[in-house]
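Please open the structure in your viewer and keep the selection tool at hand.

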Amino acid sequence: MSSVNEFVLPESWRGVLAEETEKPYFQELAGFVAQQRAEHQVFPPVGQVFSALEHTPYDRVKVLLLGQDPYHDDNQAHGMCFSVKRGVKIPPSLRNVYKELDADLGIPAPAHGNLEAWADQGVLLLNAVLTVRAHEANSHKGKGWEQFTDAVIRAVNDRAEPAVFVLWGNYAKKKLPLIDTDRHVVVQGAHPSPLSAKLFLGSRPFSQIDKGLADLGLAPIDWRLPA
């Protein structure tokens, strides 16, 4: 059984990714996810797998922030890295992102963890893997998502318009070879998870991102999140 509707790309991305979705690995990936949904609970819900691409059209990407794996607890994942739905407890990594946002730019943490306002301004909140089995971290790793999201990174890299790529943690930094660092700005740092928070806190990534945007002739992101 294939979950056709689940894998319809947002219109703005079809021109650059349509060929990718026709490749055998992607067809196998779609079948795998459909089977997983039939047998297990899978996050994010159907219709939210491509939320990051929907909120940030291809021609409006200013920043690409790379995450790894969707949140795997109930009601958390909704298709954007680090973000959770309103009303859901803010995860530890995002709490550290908010701490650093306050320390760096003086923007106090909101009471929720929904980052859609960033995505709507051109921050592509892309996980390397886009689905996960409930309560089993990395359970959909190595099934084909990485090949697809590498294609997303390459598509942004290949655009005429430059962007800022944000690579937090060793996993994200492995994607550096996909990026033309002569044309684009890369902001690297520690991951905001509690395991590496000491290195992340104080790294001032938001100032670096805004400086990178200014260097590219682009307007800064308004990092404030509506209540």
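**First stop: D69**

Select D69 and N138: the backbone nitrogen of N138 lies 2.8 Å from a polar atom of the D69 side chain. Please keep in mind throughout that this is a predicted model. UniProt, in an unreviewed entry, lists D69 under "active site". D69 is found in the loop between β2 and α4. Is D69 buried or exposed? It counts as buried because its relative accessibility is 18%, and the cut-off for buried is under 20%. Next, display the residues in contact with D69, leaving aside its neighbours within four places in sequence: they are N127, V129, T131, V132, A137 and N138.

Remain in the loop between β2 and α4, and select Q76. At 13% relative accessibility, Q76 counts as buried. Which backbone nitrogen does the side chain of Q76 reach? It is that of D73, at 3.0 Å. Beyond the neighbours within four places in sequence, Q76 is in contact with Y71, S83, V84, K85, V88 and P91.

Now select F82, which lies in the loop between β2 (63–67) and α4. F82 is not a glycine, yet its phi is positive, at about 70 degrees. Most residues other than glycine have a negative phi. F82 is buried, with a relative accessible area of 9%.

Select N114 in the loop between α4 (92–105) and α5 (116–119). The relative accessible area of N114 is 11%, so this residue is buried.

Select residues 145–158, which form helix α6. This helix has 14 residues. What distance separates the first C-alpha of α6 from its last? The helix reaches 20 Å, close to the 20 Å expected at 1.5 Å a residue. To view the buried residues, select W145, E146, F148, T149, D150, A151, V152, I153, A155, V156 and N157.

**Last stop: two backbone details**

Select F43 and P44, and inspect the bond that joins them. Is the peptide bond from F43 to P44 cis or trans? It is cis, with omega near -10 degrees. Most peptide bonds are trans. P44 itself is placed in the loop between β1 (42–43) and α3 (51–55).

Finally, select R204 in the loop between α8 (197–200) and α9 (205–215). R204 is a residue other than glycine with a positive phi, near 55 degrees. How accessible is R204? It counts as partly exposed because its relative accessibility is 45%, and that class lies between the cut-offs of 20% and 50%.

Terms used: Residues are numbered from 1 along each chain as its sequence is written. This is a predicted model: local features need pLDDT of at least 70, side-chain atom pairs count only at pLDDT 80 or more; totals for chains, interfaces and linings use all residues. Side-chain values use heavy atoms; hydrogens and water are left out. Helices (H or I, at least four residues) and strands (E, at least two) are DSSP runs, numbered from the N terminus. Buried means under 20% relative accessible area, exposed over 50%, partly exposed in between (1.4 Å probe, protein chains only). UniProt positions are given in the numbering used here, feature names are shortened, and annotations may be inferred rather than shown by experiment. Contact means heavy atoms within 4.5 Å. A polar contact is a pair of N or O atoms within 3.5 Å; within protein, one must be able to donate a hydrogen and the other to accept it, and residues adjacent in sequence count only if both atoms are side-chain atoms. The expected span of a helix is 1.5 Å times one less than its number of residues.
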